[in-house]
Amino acid sequence: MSLITIAQMTDAVAILDFGSQYSQLIARRVREAQVYCELFPWDTPAQRVLALKPRGFILSGGPNSVYAPGAPYLPEYVLASGLPVLGICYGMQLLAQALGGRVAPSSHREYGRTEIALTAAPIWPPALGSTQTLSVWMSHGDRIELLPDGFIPIARSAGSPVAAMMHIQRPLYALQFHPEVQHTQHGAAILAQFVYHICNCRPSWTPENIIEQSIAQIRAQVADRTVICGLSGGVDSSVAAALVHRAVGDQLTCVFVNTGLLRKGEPEQVVATFRREQGAKLIAVDATETFLEALQGVVDPEEKRRRIGERFVRVFERVLAEQIKPANGSGRPLLCQGTLYPDVIESRGPERQAAAKIKTHHNVGGLPSQMEFELLEPLRYLFKDEVRTIGLRLGLPETLIWRHPFPGPGLAVRILGEVTWDRLERLRLADAILQEELEHAGLLRATAQAFAVLLPVRTVGVTGDERAYGEVVAIRAVTTEDFMTADWARLPSDLLARLSSRITNEVPGINRVVYDITTKPPATIEWE
């Protein structure tokens with residue numbers, strides 16, 4: 001289900017992605033201003049982008065030089081539309097080049113925090129007041145040496161005589177710096193100024209509107225057909241189920257599959273919580289042997305996801321055939337999933353084929369090509385924080401809404417190497433110790449995601465004065481707002497010491513614990 005139809009009922013902005021590591025942050029900041037936006041690869045066909053009926057365009061940064069052979073170029077329809085345009089970094093240089101300016105390598109490259117001097121312009125928000133300088137985040141090696149006709153500079157820095165520019169008659173603006181990153185002062189306000197006062201968008205992308213319009217879209221897609229929701233117990237599938245249940249009631253049946261790849265005590269907890277909190281029908285299935293059989297001998301993470309995705313669908317098909325009375329509709333049944341926008345971006349979903357694939361999420365690129373179901377994905381174009389807000393508006397409990405994310409393939413992608421029952425039990429116990437200690441320290445909510453990973457290596461240790469040859473557990477804990485970027489959590493050293501002591505003493509076969517201090521990027525949050 002695409003939200004383009006929903007967005008046509010609201011004001012929207014189209015963001016063209018030229019490959020910047022910050023592109024998703026632009027979308028986040030615009031959504032935070034309660035304006036709907038969608039991120040498109042720069043070479044997306046014009047008709048698809050214009051189907052959004054955008055009120056303006058934002059051109060992202062990118063790693064290329066605009067004058068390099070084969071570099072991404074500015075699509076003609078952007079300027080031909082007559083709509084407002086905001087170019088950021090590479091987007092600014094594209095705008096300059098397309099309109100007759102000159103871009104060249106700079107002898108003074110700028111990376112990181114930079115001070116710029118401002119002159120008056122409509123793009124600067126009132127929050128700046130009489131401010132004449134601004135601390136911003138730069139990341140560029142090229143600069144504009146000749147302004148296109150009709151443009152004037154509205155900011156400068158030591159390395160960029162044109163750190164920002166605007167057209168004197170048309171609604172065309174460009175910034176050499178990145179307003180979307182937190183390091184830029186008033187960056188979110190600058191983007192809000194563009195979408196509100198230059199694109200004339202209304203702040204209509206609110207939780208209430210999202211719920212109302214999503215329900216209308218769900219009803220239109222479902223009609224009188226049967227819906228199965230793959231319920232994991234996490235926030236994404238729970239919010240998706242709540243939305244669909246509100247839209248179509250008893251046409252929805254939730255199916256919880258115990259894959260054998262879940263955390264300690266999770267199958268029982270999920271079933272009890274769901275039956276207590278939600279009124280939808282629930283069928284619980286124990287398919288442990290089915291999934292372990294599929295994973296036997298598999299070490300490649302993409303193959304793990306593919307096999308798990310395929311088995312999920314086959315279990316749902318069996319449940320549909322054996323336990324669910326179909327609705328009166330004659331069309332294909334639907335499979336509801338809690339797919340989010342970051343899943344689509346990282347998996348290079350069908351609408352993002354020009355983007356780089358980071359990894360396949362089992363519910364995006366890991367599903368079999370042949371299946372009985374049509375997909376229903378009411379959260380497909382939402383970020384995690386938007387989903388949580390919607391869940392709270394739908395009345396779901398905070399304990400569920402703020403539960404740490406857990407991947408659909410479960411512990412299979414937190415066990416590096418082959419998945420066996422012994423290794424699953426080992427990791428389950430280590431992870432339970434981590435969760436218990438974080439809760440005891442009051443740090444569960446302070447970390448956005450925390451988990452243990454079982455590594456495919458063995459190291460020498462000493463147990464009871466004897467040589468031990470055991471496996472290694474890595475602890476991963478991060479802080480993040482949107483899960484598109486993340487920083488490692490600065491857990492107290494005494495907590496890390498307790499974790500190491502308990503895991504090596506209480507988990508048979510583990511003799512070493514390490515702590516992952518890598519940010520995203522360059523790493524992803526999960527290890528596989």
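Reply: Helices α15 and α16 cross in a right-handed way. A crossing is right-handed if the near helix is turned clockwise from the far one by less than a right angle, and left-handed if anticlockwise. Helices (H or I, at least four residues) and strands (E, at least two) are DSSP runs, numbered from the N terminus.

The model is predicted: local features need pLDDT of at least 70, side-chain atom pairs count only at pLDDT 80 or more, and totals for chains, interfaces and linings use all residues. Residues are numbered from 1 along each chain as its sequence is written, and side-chain values use heavy atoms, leaving out hydrogens and water.

Two packed helices are described by the angle between their axes and the distance between the axes. Axes are lines fitted to C-alpha atoms, for helices over the stretch in contact, and angles run from 0 to 180 degrees between N-to-C directions.

Back to the pair. α15 spans residues 421–440 and α16 spans residues 493–506; their axes lie 10 Å apart, at an angle of about 150 degrees. α15 is therefore roughly antiparallel to α16 (under 35 degrees is roughly parallel, over 145 roughly antiparallel, 65 to 115 roughly perpendicular, the rest oblique). On the α15 side, the contact (heavy atoms within 4.5 Å) uses Leu429, Ala430, Ile433, Leu434, Glu436, Glu437 and Leu438. α16 brings Leu495, Arg498, Leu499, Arg502, Ile503 and Glu506. Sorted by class, this contact of α15 with α16 holds 8 nonpolar, no polar and 5 charged residues. Ala, Val, Leu, Ile, Met, Phe, Trp, Tyr, Cys and Pro count as nonpolar, Asp, Glu, Lys and Arg as charged, and the others, Gly among them, as polar.

Next, α10 (residues 288–295) and α11 (residues 301–323). Their axes come within 10 Å and cross at roughly 150 degrees. That makes α10 roughly antiparallel to α11. Their crossing is right-handed. From α10, Thr290, Phe291, Glu293, Ala294 and Leu295 meet Lys304, Arg307, Ile308, Arg311, Phe312 and Val315 of α11. The contact of α10 with α11 has 6 nonpolar, 1 polar and 4 charged residues.

Now α7 (residues 207–222) and α8 (residues 235–248). Their axes come within 9 Å and cross at roughly 65 degrees. α7 and α8 are therefore roughly perpendicular to each other. This crossing of α7 and α8 is right-handed. α7 makes the contact through Ile211, Ser214, Ile215, Ile218, Arg219 and Val222, and α8 through Leu243, Val244, Arg246, Ala247 and Val248. The contact of α7 with α8 divides into 8 nonpolar, 1 polar and 2 charged residues.

The open sheet has 5 strands in the order β12-β11-β10-β13-β14, with parallel pairing (two strands pair if DSSP finds at least two bridges between them). β12 (281–286) and β14 (374–376) stand at the edges with a single partner strand each, so one side of each has no neighbour in the sheet. On average, neighbouring strands of this sheet are turned by 30 degrees against each other, direction ignored. β11 (residues 252–258) pairs with β12 in the parallel sense over 6 bridges. Cys254 stands opposite Leu282 in β12.
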